[in-house]
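Please look through the sequence and the 3D view before reading on.

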Amino acid sequence: MAATIIDGKALAAKCKARIKEEVEHLSKRPGLAVIIVGDNPASRIYVNHKKKDCAECGIYSEEYALPECARQEELLELIDLLNGREDIDGILVQLPLPAQFDEKAVLNAIDPGKDVDCFHPYNVGQLMIGEHTFLPCTPAGVMAMLDEYGIDPAGKHAVVVGRSNIVGKPQAMLLLQRHATVTICHSRTPNLAEITRQADILVAAVGKTGLITADMVNEGAAVIDVAMNRNEEGKLCGDVDFEAVKEKASFITPVPGGVGPMTRVMLLENTLTAAKVHGK
Ligand SMILES: Nc1nc2c(c(=O)[nH]1)N[C@@H](CN(C=O)c1ccc(C(=O)N[C@@H](CCC(=O)O)C(=O)O)cc1)CN2
(Lines give C-alpha, C1' and ligand atoms only; values in the text may rest on other atoms or scores of the structure.)
Protein backbone atom coordinates (compact mmCIF):
# COMPACT_ATOMS: atom_id res chain seq x y z
CA MET A 1 0.00 0.00 0.00
CA ALA A 2 1.23 3.50 -0.80
CA ALA A 3 2.50 5.64 2.08
CA THR A 4 0.56 8.33 3.91
CA ILE A 5 1.93 11.66 2.73
CA ILE A 6 2.92 13.84 5.69
CA ASP A 7 1.46 17.24 4.88
CA GLY A 8 3.88 19.81 6.28
CA LYS A 9 1.96 22.70 4.82
CA ALA A 10 -1.30 21.74 6.53
CA LEU A 11 0.41 21.08 9.85
CA ALA A 12 2.26 24.40 9.59
CA ALA A 13 -1.06 26.22 9.04
CA LYS A 14 -2.51 24.56 12.13
CA CYS A 15 0.55 25.46 14.25
CA LYS A 16 0.53 29.04 12.99
CA ALA A 17 -3.12 29.48 14.03
CA ARG A 18 -2.20 28.34 17.56
CA ILE A 19 0.89 30.59 17.69
CA LYS A 20 -1.18 33.57 16.52
CA GLU A 21 -3.66 32.98 19.33
CA GLU A 22 -0.86 32.72 21.92
CA VAL A 23 0.72 35.92 20.63
CA GLU A 24 -2.60 37.73 21.05
CA HIS A 25 -2.53 36.89 24.76
CA LEU A 26 0.95 38.35 25.39
CA SER A 27 1.38 41.76 27.02
CA LYS A 28 3.62 42.92 24.14
CA ARG A 29 4.29 41.69 20.60
CA PRO A 30 7.28 39.41 20.15
CA GLY A 31 9.97 40.92 17.91
CA LEU A 32 12.25 39.14 15.45
CA ALA A 33 15.25 40.65 13.64
CA VAL A 34 16.18 38.90 10.41
CA ILE A 35 19.62 39.57 8.96
CA ILE A 36 20.46 38.72 5.37
CA VAL A 37 23.85 39.36 3.81
CA GLY A 38 24.36 39.39 0.04
CA ASP A 39 22.05 38.39 -2.75
CA ASN A 40 21.67 34.62 -2.63
CA PRO A 41 18.27 34.19 -4.38
CA ALA A 42 17.22 31.21 -2.24
CA SER A 43 18.04 33.09 0.97
CA ARG A 44 15.98 36.04 -0.27
CA ILE A 45 12.97 33.74 -0.79
CA TYR A 46 13.34 32.16 2.66
CA VAL A 47 13.69 35.54 4.39
CA ASN A 48 10.57 36.82 2.63
CA HIS A 49 8.69 33.71 3.76
CA LYS A 50 9.85 34.26 7.35
CA LYS A 51 8.71 37.88 7.39
CA LYS A 52 5.32 36.90 5.96
CA ASP A 53 4.94 34.13 8.57
CA CYS A 54 5.66 36.66 11.33
CA ALA A 55 3.08 39.09 9.99
CA GLU A 56 0.49 36.27 9.80
CA CYS A 57 1.04 35.43 13.47
CA GLY A 58 1.21 38.97 14.85
CA ILE A 59 4.98 38.86 15.42
CA TYR A 60 6.83 42.11 14.73
CA SER A 61 9.77 41.58 12.35
CA GLU A 62 12.42 43.79 10.91
CA GLU A 63 14.90 42.97 8.17
CA TYR A 64 18.51 44.05 7.88
CA ALA A 65 19.88 43.48 4.39
CA LEU A 66 23.64 43.96 4.19
CA PRO A 67 25.45 44.03 0.84
CA GLU A 68 27.52 41.08 -0.43
CA CYS A 69 30.68 43.10 0.28
CA ALA A 70 29.76 43.84 3.92
CA ARG A 71 32.49 43.37 6.52
CA GLN A 72 32.43 41.05 9.51
CA GLU A 73 32.77 44.00 11.96
CA GLU A 74 29.68 45.64 10.48
CA LEU A 75 27.63 42.51 11.04
CA LEU A 76 29.00 42.01 14.57
CA GLU A 77 28.14 45.63 15.44
CA LEU A 78 24.58 45.13 14.19
CA ILE A 79 24.19 41.93 16.23
CA ASP A 80 25.53 43.73 19.29
CA LEU A 81 22.96 46.48 18.84
CA LEU A 82 20.12 43.99 18.44
CA ASN A 83 21.31 41.99 21.46
CA GLY A 84 20.70 45.12 23.55
CA ARG A 85 17.22 45.95 22.24
CA GLU A 86 14.31 45.10 24.52
CA ASP A 87 11.75 44.98 21.72
CA ILE A 88 13.73 42.34 19.84
CA ASP A 89 13.30 38.82 21.27
CA GLY A 90 14.91 36.82 18.48
CA ILE A 91 17.79 37.38 16.09
CA LEU A 92 18.54 35.23 13.09
CA VAL A 93 21.30 35.46 10.54
CA GLN A 94 20.23 33.79 7.31
CA LEU A 95 22.78 31.18 6.18
CA PRO A 96 24.91 30.75 4.16
CA LEU A 97 26.97 33.90 4.64
CA PRO A 98 29.32 35.14 1.91
CA ALA A 99 32.81 33.61 2.01
CA GLN A 100 34.56 36.51 3.79
CA PHE A 101 32.56 35.89 6.99
CA ASP A 102 33.59 33.72 9.89
CA GLU A 103 30.22 32.03 10.36
CA LYS A 104 31.12 30.56 13.74
CA ALA A 105 32.14 33.95 15.16
CA VAL A 106 28.94 35.53 13.83
CA LEU A 107 26.65 32.91 15.35
CA ASN A 108 28.57 33.06 18.64
CA ALA A 109 27.92 36.81 18.82
CA ILE A 110 24.13 36.35 19.10
CA ASP A 111 22.84 36.53 22.67
CA PRO A 112 21.91 32.88 23.46
CA GLY A 113 18.61 34.16 24.88
CA LYS A 114 17.75 35.55 21.44
CA ASP A 115 19.20 32.67 19.42
CA VAL A 116 15.93 31.51 17.85
CA ASP A 117 17.79 29.29 15.34
CA CYS A 118 19.42 27.42 18.26
CA PHE A 119 22.85 27.62 16.57
CA HIS A 120 24.81 29.18 19.48
CA PRO A 121 27.16 26.69 21.22
CA TYR A 122 25.47 27.41 24.57
CA ASN A 123 22.09 26.36 23.17
CA VAL A 124 23.60 23.39 21.35
CA GLY A 125 25.07 22.28 24.70
CA GLN A 126 21.72 22.80 26.43
CA LEU A 127 20.10 20.64 23.77
CA MET A 128 22.66 17.88 24.37
CA ILE A 129 21.74 17.68 28.07
CA GLY A 130 18.00 18.14 27.50
CA GLU A 131 17.92 21.57 29.21
CA HIS A 132 17.02 23.54 26.13
CA THR A 133 14.93 26.70 25.81
CA PHE A 134 15.01 26.71 22.03
CA LEU A 135 14.92 23.78 19.65
CA PRO A 136 16.75 23.78 16.30
CA CYS A 137 14.08 24.60 13.74
CA THR A 138 14.39 21.85 11.13
CA PRO A 139 14.88 18.93 13.55
CA ALA A 140 12.09 20.25 15.80
CA GLY A 141 9.84 20.52 12.75
CA VAL A 142 10.53 16.86 11.97
CA MET A 143 9.65 15.82 15.52
CA ALA A 144 6.38 17.77 15.34
CA MET A 145 5.51 15.94 12.12
CA LEU A 146 6.23 12.55 13.68
CA ASP A 147 4.02 13.46 16.65
CA GLU A 148 1.18 14.72 14.49
CA TYR A 149 1.10 11.46 12.53
CA GLY A 150 1.40 9.24 15.63
CA ILE A 151 4.90 7.99 14.82
CA ASP A 152 6.44 7.36 18.24
CA PRO A 153 10.26 7.11 18.06
CA ALA A 154 10.48 5.18 21.36
CA GLY A 155 12.05 1.78 20.80
CA LYS A 156 12.43 2.37 17.06
CA HIS A 157 15.62 2.33 15.03
CA ALA A 158 16.05 5.83 13.61
CA VAL A 159 18.69 6.30 10.93
CA VAL A 160 19.79 9.86 10.18
CA VAL A 161 21.72 10.27 6.94
CA GLY A 162 23.79 13.46 7.24
CA ARG A 163 25.86 14.88 10.08
CA SER A 164 25.58 18.66 9.74
CA ASN A 165 25.52 20.82 12.86
CA ILE A 166 22.23 22.36 11.74
CA VAL A 167 20.26 19.20 10.95
CA GLY A 168 21.90 15.77 11.23
CA LYS A 169 23.48 16.02 14.68
CA PRO A 170 20.61 17.83 16.47
CA GLN A 171 18.08 15.56 14.72
CA ALA A 172 19.84 12.51 16.12
CA MET A 173 19.80 14.09 19.58
CA LEU A 174 16.07 14.85 19.50
CA LEU A 175 15.28 11.30 18.35
CA LEU A 176 17.51 9.94 21.11
CA GLN A 177 15.70 12.08 23.69
CA ARG A 178 12.50 10.41 22.52
CA HIS A 179 14.05 6.99 23.16
CA ALA A 180 14.87 5.92 19.62
CA THR A 181 17.99 3.89 18.93
CA VAL A 182 19.84 6.23 16.60
CA THR A 183 22.42 5.62 13.89
CA ILE A 184 24.05 8.56 12.11
CA CYS A 185 25.35 7.83 8.60
CA HIS A 186 27.51 10.10 6.45
CA SER A 187 29.63 10.27 3.33
CA ARG A 188 32.20 7.80 4.69
CA THR A 189 29.68 5.23 5.89
CA PRO A 190 30.38 1.98 4.03
CA ASN A 191 27.31 0.00 2.93
CA LEU A 192 24.88 2.86 3.49
CA ALA A 193 21.96 0.86 2.08
CA GLU A 194 22.56 -1.95 4.54
CA ILE A 195 22.01 0.50 7.42
CA THR A 196 19.15 2.52 5.93
CA ARG A 197 17.28 -0.74 5.32
CA GLN A 198 17.27 -1.29 9.10
CA ALA A 199 15.50 2.01 9.75
CA ASP A 200 11.99 2.26 11.16
CA ILE A 201 12.41 6.03 10.83
CA LEU A 202 14.72 7.25 8.09
CA VAL A 203 15.74 10.92 7.97
CA ALA A 204 17.59 12.02 4.83
CA ALA A 205 19.54 15.25 5.27
CA VAL A 206 22.42 15.18 2.81
CA GLY A 207 21.54 17.43 -0.12
CA LYS A 208 22.05 14.87 -2.88
CA THR A 209 19.13 14.37 -5.27
CA GLY A 210 18.06 10.74 -5.62
CA LEU A 211 20.38 9.46 -2.87
CA ILE A 212 17.70 7.36 -1.18
CA THR A 213 16.24 4.84 -3.58
CA ALA A 214 13.46 2.32 -2.89
CA ASP A 215 15.88 -0.58 -2.39
CA MET A 216 17.44 1.33 0.54
CA VAL A 217 14.16 1.54 2.45
CA ASN A 218 12.60 -1.00 4.76
CA GLU A 219 8.98 -1.92 3.98
CA GLY A 220 6.78 0.22 6.27
CA ALA A 221 9.44 2.73 7.31
CA ALA A 222 8.61 6.39 7.97
CA VAL A 223 10.76 8.40 5.56
CA ILE A 224 11.50 12.06 6.28
CA ASP A 225 13.21 14.11 3.58
CA VAL A 226 14.89 17.21 4.96
CA ALA A 227 16.89 18.13 1.87
CA MET A 228 16.09 20.99 -0.46
CA ASN A 229 17.84 20.42 -3.77
CA ARG A 230 17.21 21.53 -7.33
CA ASN A 231 17.11 18.84 -10.02
CA GLU A 232 18.35 19.24 -13.63
CA GLU A 233 15.11 21.02 -14.55
CA GLY A 234 15.55 23.43 -11.65
CA LYS A 235 12.68 21.86 -9.74
CA LEU A 236 12.80 21.71 -5.96
CA CYS A 237 13.36 18.13 -4.72
CA GLY A 238 14.79 16.21 -1.79
CA ASP A 239 17.25 13.35 -1.30
CA VAL A 240 14.56 10.67 -1.58
CA ASP A 241 13.23 9.15 -4.79
CA PHE A 242 9.72 10.10 -3.70
CA GLU A 243 7.67 8.27 -6.36
CA ALA A 244 9.38 4.92 -5.82
CA VAL A 245 9.84 5.14 -2.06
CA LYS A 246 6.21 6.10 -1.37
CA GLU A 247 5.18 2.64 -2.59
CA LYS A 248 7.25 1.04 0.16
CA ALA A 249 7.14 3.43 3.11
CA SER A 250 4.30 3.79 5.64
CA PHE A 251 4.76 7.57 5.85
CA ILE A 252 6.73 9.97 3.67
CA THR A 253 7.32 13.72 3.48
CA PRO A 254 7.19 15.49 0.10
CA VAL A 255 9.57 18.22 -1.07
CA PRO A 256 8.28 20.90 -1.30
CA GLY A 257 5.44 20.92 1.22
CA GLY A 258 7.06 18.73 3.86
CA VAL A 259 9.75 19.71 6.33
CA GLY A 260 10.33 23.24 4.88
CA PRO A 261 7.10 24.83 6.12
CA MET A 262 7.61 23.22 9.54
CA THR A 263 11.15 24.65 9.78
CA ARG A 264 9.59 28.09 9.46
CA VAL A 265 6.93 27.34 12.08
CA MET A 266 9.59 26.35 14.60
CA LEU A 267 11.22 29.74 14.13
CA LEU A 268 7.92 31.35 15.13
CA GLU A 269 7.62 28.96 18.05
CA ASN A 270 11.12 29.86 19.28
CA THR A 271 10.39 33.58 18.90
CA LEU A 272 7.23 33.17 20.96
CA THR A 273 9.20 31.24 23.60
CA ALA A 274 11.87 33.98 23.70
CA ALA A 275 9.20 36.65 24.15
CA LYS A 276 7.71 34.74 27.07
CA VAL A 277 11.14 34.30 28.67
CA HIS A 278 11.64 38.06 28.23
CA GLY A 279 8.49 38.67 30.26
CA LYS A 280 6.09 39.60 27.49
N1 LIG B 1 19.50 31.04 9.78
C2 LIG B 1 19.10 29.96 9.07
N3 LIG B 1 19.56 29.79 7.82
C4 LIG B 1 19.16 28.68 7.13
C5 LIG B 1 18.26 27.75 7.70
C6 LIG B 1 17.80 27.96 9.03
O7 LIG B 1 17.02 27.17 9.61
N8 LIG B 1 18.25 29.10 9.67
N9 LIG B 1 17.77 26.68 6.95
C10 LIG B 1 17.91 26.71 5.50
C11 LIG B 1 16.88 27.51 4.76
N12 LIG B 1 15.58 27.66 5.40
C13 LIG B 1 15.44 28.48 6.45
O14 LIG B 1 16.13 29.45 6.60
C15 LIG B 1 14.38 27.15 4.79
C16 LIG B 1 14.37 26.68 3.53
C17 LIG B 1 13.18 26.31 2.91
C18 LIG B 1 11.98 26.41 3.57
C19 LIG B 1 10.67 26.09 2.92
O20 LIG B 1 9.65 26.46 3.44
N21 LIG B 1 10.67 25.44 1.77
C22 LIG B 1 9.46 25.24 1.00
C23 LIG B 1 9.72 25.62 -0.43
C24 LIG B 1 10.14 27.05 -0.57
C25 LIG B 1 10.42 27.45 -2.01
O26 LIG B 1 9.46 27.66 -2.72
O27 LIG B 1 11.60 27.56 -2.36
C28 LIG B 1 9.03 23.78 1.09
O29 LIG B 1 9.86 22.91 1.37
O30 LIG B 1 7.86 23.53 0.88
C31 LIG B 1 11.99 26.85 4.87
C32 LIG B 1 13.18 27.23 5.47
C33 LIG B 1 19.28 27.30 5.14
N34 LIG B 1 19.56 28.49 5.85
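UniProt positions are given here in the numbering used for this chain, and such annotations may be inferred rather than shown by experiment. The model itself is predicted.

**Annotation and domains**

According to the unreviewed UniProt entry, residues 6-117 carry the annotation "domain: Tetrahydrofolate dehydrogenase/cyclohydrolase catalytic".

A separate domain assignment divides the chain into domain 1 (30-114) and domain 2 (136-260). Taken over C-alpha atoms, the centres of domain 1 and domain 2 are separated by 28 Å.

**The shell around the ligand**

The ligand has 19 residues around it, and Y46, L95, P256, G260 and T263 come nearest. Two or more residues of the shell are given by each of α2 (41-57), β4 (90-93), α6 and α10. Helix α10 supplies the largest share, four residues. Each of domain 1 (30-114) and domain 2 (136-260) gives at least three residues to the shell. Sorted by class, the shell has eleven nonpolar, six polar and two charged residues.

**Two helices in contact**

Helix α6 covers residues 137-148 and helix α10 covers residues 259-277. Their axes lie 7 Å apart and pack at an angle of about 110 degrees. Angles of 65 to 115 degrees count as roughly perpendicular, so α6 is roughly perpendicular to α10. On the α6 side, the contact is made by C137, T138, A140, G141, V142, A144 and M145. On the α10 side, V259, M262, T263, V265, M266, L267 and N270 take part. By class, this contact of α6 with α10 has ten nonpolar, four polar and no charged residues.

**Backbone details**

| Peptide bond | Omega |
|---|---|
| L95 to P96, cis | about 5 degrees |
| V255 to P256, cis | near 0 degrees |

P96 sits in the loop between β4 and α4 (103-109). P256 sits in the loop between β11 (251-252) and α10. Both L95 and P256 are among the residues that come nearest to the ligand.

Where is C118 found? C118 is in the loop between α4 and α5 (121-128). C118 has a positive phi of about 60 degrees, although it is not a glycine.

Key. Residues numbered from 1 in each chain as written. Predicted model: local features only at pLDDT ≥ 70, side-chain atom pairs only at ≥ 80, totals over all residues. Axes fitted to C-alpha atoms, helices over the stretch in contact; angles between N-to-C directions. Parallel < 35°, antiparallel > 145°, perpendicular 65-115°, else oblique. Contact = placed C-beta atoms within 7 Å. Nonpolar A, V, L, I, M, F, W, Y, C, P; charged D, E, K, R; others polar. Domains from an automatic or database assignment. Near = placed C-beta within 6 Å.
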